[in-house]
Amino acid sequence: MRLFIEQVWRWVSGIRAKVVLLSGLLLLLPFIGYNYVWELENVLRQGQEQTLMGSARAFSMSLNQQPELFERQLATKPRLERGKDLYAVALQSHIDIDGSTLDWDRYQAYKHNYAQDNVIFSRSPYRSDDLNFDLTLTSDGDEIFALVDVADRSPVMRRSGSLRIDRNDHLMVTLTTLEGEFKRYAISAAQSGPADVSLIETTISDTEHNFPSEAIRAWWQETANGYAIELAIPDWLVGEKLSFAYYNVVDPFNRDIETILATSNPRSAETLGTLLVPSPDLERVLTKINDGNSRVWAVDKHGRVLAKTGDLQSANGVWETTIKYQDPPSGVMGWIQTEILNPLYYQILQRPPEHIVDAMQHAAVFRGVEVQQALIGRPYANWRVTDDESAMILSAAYPIKVNDDIVGAVVVEETTNGITTLRNKALEQLFNVLLAVICTGVVVLLLFGSHISKRVRRLRDDAESAIDPQGRVRHQLDPIESKDEIGDLSRTLSTMVTRLSDYNSYLEKMSSSLSHELRTPVAVVRSSLENLAFVNTDDDQRRYIDRAQEGVARLATILSSMTEATRLEQSFEHAEKTSFPLDKVITGCVQGYEYAYPDQAFTLRIKDGQYDMEGVPEYVAQLLDKLIANAVEFRTPNTPIDIQLVQHEHRACITVSNLGPNLPENMGNQLLASMVSVRDENQKSDKPHLGLGLYIARLVAEFHHGELTIANRVTNNGVIVTVLLPVTYT
């Protein structure tokens with residue numbers, strides 16, 4: 001595990017990993033491009049806002065030139081009274097006057113409840129639980145449809161065959177015609193079904209002046225809570241004002257009116273509430289002007305919708321056309337774009353929704369801030385999010401003026417789907433280009449880093465192999481001819497290795513030269529001392545002569561040791577290698593050591609194996625002699641020296657171990673060099689110690705293509721020397 005971690009760390013620390021890490025800066029390009037496209041989208045939105053405001057202004061200018069479309073809006077009250085002033089929403093689907101309220105379910109949001117605040121008359125204290133009604137109004141341009149859903153705990157219908165229509169529950173529809181004429185219509189029924197509609201000329205009790213009318217279609221349907229009254233009033237009949245009043249009879253015997261609940265007081269035209277219906281003429285004008293890329297509203301000065309054309313589903317703005325007619329990608333690149341890249345891109349990009357969910361789609365009143373600003377004469381644009389937060393809607397409102405009076409506003413709406421799609425296309429193309437650039441850049445940088453790393457590793461390996469652990473030069477470095485920094489470094493290292501080789505050669509020859517130069521003076525001194533000893537009989541002088549002769553002898557021994565390594569290296573050139581059993585050589589040597597060192601114990605362990613090798617057995621014996629001599633000198637007294645021979649990975653492993661002082665820190669490889677010795681004061685003797693023993697042993701091991709290492713024992717109480725020599729197999 002440690003080796004794996006070291007390899008991983010070495011790779012992470014390498015040039016290639018750093019180049020790959022630096023190439024990660026290329027990932028900033030998509031971020032920068034992404035932000036740039038977002039900024040571009042903001043610019044496009046501002047452009048869309050200006051374009052939409054121009055469209056709203058164009059719609060407003062067109063409508064300003066047709067004041068006849070807003071004749072009713074000129075007389076609209078400055079302030080509306082909720083419930084009294086009525087508004088018929090645009091009809092979205094057909095309604096049958098048949099007593100079923102299922103057709104009205106989609107208009108439930110537009111109904112208004114009438115209760116306590118709408119009581120016109122009551123004989124007894126009014127309770128809303130006993131009587132109230134909901135009114136829903138719609139219009140298709142030809143008729144006004146009304147649903148009066150009455151909650152009445154004491155329903156009293158008309159007697160069958162009775163001419164009186166005021167002695168039972170009935171509904172009074174009061175209106176002004178287009179010409180301003182005041183009219184009242186009473187709706188009553190003896191049973192569920194088509195209701196009786198009567199035009200009231202004078203008073204409702206005057207049966208002679210009450211005439212059946214077919215102008216209004218009505219259906220009276222009993223329900224579990226009271227009645228459901230459906231009406232269809234022709235558009236030509238209703239002018240600016242309209243009121244619905246429900247007359248409630250509680251006692252079925254005296255049949256007096258108990259309570260009158262109305263949208264507005266039906267007493268006179270002045271007390272009636274106003275009515276506003278969508279304008280088909282205005283809607284046709286808007287449809288003719290609109291190109292289908294926007295949704296357009298026209299509202300009155302109270303925000304009530306007069307006309308609407310278009311829908312948000314196709315209102316994607318002018319930018320939609322820039323991408324609508326682009327050819328889809330084809331071929332292999334098209335498949336890669338569609339099946340691989342787009343699914344990745346749209347993990348962060350948002351697709352425009354296929355269906356717009358907008359609560360304003362069927363709104364009857366537009367209350368946005370843009371309308372409020374436009375109705376006070378300020379063109380205004382506003383952004384809002386759809387209910388499901390899937391799309392942005394831009395609304396631009398512009399005032400509509402007739403004779404310099406603001407009668408309403410035109411609102412033009414578009415979604416940002418066109419811009420979103422354009423942004424996505426731009427990001428797709430940007431990401432495609434950046435992906436190609438990043439991949440190419442990473443590959444090029446990785447190849448470049450690998451090339452640089454390869455050259456550096458090659459130079460490192462050459463430098464490592466050029467010098468052995470003992471500092472000797474094995475071979476010269478071949479300088480690289482390139483003119484870059486690595487080439488300069490290679491040439492510098494080559495020069496350094498050459499200088500080191502020359503210096504090592506000088507050091508290796510120095511002992512031989514020094515020994516050669518000193519032998520003659522030593523011989524002269526020795527002969528002179530010998531002659532002096534013959535002619536001088538004084539005891540004191542003879543003692544000094546003996547000490548001088550001992551020094552000369554020691555100096556001669558030093559000179560012999562200095563030349564031993566040189567002679568050994570020279571003998572390697574002429575040595576003839578033979579095949580011999582290594583185990584027998586070691587066994588014979590150990591037997592000789594037992595005679596040479598009678599006071600020292602030796603233990604020899606040889607495991608079974610194949611120990612035949614090519615070499616010179618005398619050299620191997622000399623190697624072992626040096627190791628044993630070194631071990632004997634440094635061993636703890638009365639402790640054995642262990643010699644072991646085992647086979648290890650096609651090589652013979654010889655270990656010589658002794659108990660004694662440990663090696664100094666970081667001195668293992670240095671002790672294998674020439675003339676290096678580390679001894680304590682108590683280990684010094686009269687014999688010369690030049691540190692050549694382990695050096696000669698190393699030379700012998702390398703001559704046999706082996707290795708020699710020295711280290712402290714695992715138990716940290718001595719030294720172990722390991723020699724690995726290759727063996728041959730038959």
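Modeller: What follows goes through the patch, then a loop residue, then the cysteines.

This is a predicted model, and its nonpolar surface patch is formed by L22, L25, L28, L29, F31, I32, V433 and V437. Together these residues have about 770 Å² of accessible area. Two helices, α3 (28–64) and α9 (417–466), each supply at least two residues of the patch. The helix that gives the most is α3, with four residues. The relative accessible area of L28 is 46%, so L28 counts as partly exposed. A patch residue must have over 30% relative accessible area, and L28 has 46%.

For contrast, consider N168, which lies in the loop between β6 (143–152) and β7 (170–176). N168 counts as buried because its relative accessibility is 1%, and the cut-off for buried is under 20%. Its contacts, leaving aside neighbours within four places in sequence, include V156, M157 and R158. N168 is also in contact with S188, Y247, V249, R255 and I257.

A search of the whole structure for disulfides finds zero. C439 is partly exposed, with a relative accessible area of 41%. C589, in turn, counts as buried because its relative accessibility is 12%.

Note on methods: Residues are numbered from 1 along each chain as its sequence is written. This is a predicted model: local features need pLDDT of at least 70, side-chain atom pairs count only at pLDDT 80 or more; totals for chains, interfaces and linings use all residues. Side-chain values use heavy atoms; hydrogens and water are left out. Patches are made of residues with over 30% relative accessible area and no salt bridge: like charges are joined within 9 Å, nonpolar side chains (Val, Leu, Ile, Met, Phe, Trp, Tyr) within 5 Å. Accessible areas come from the Shrake-Rupley method with a 1.4 Å probe; for residues, only the protein chains shown count as cover. A salt bridge is a side-chain nitrogen of Lys or Arg within 4 Å of a carboxyl oxygen of Asp or Glu. Buried means under 20% relative accessible area, exposed over 50%, partly exposed in between (1.4 Å probe, protein chains only). A disulfide is a pair of cysteine sulfur atoms within 2.5 Å. Contact means heavy atoms within 4.5 Å.
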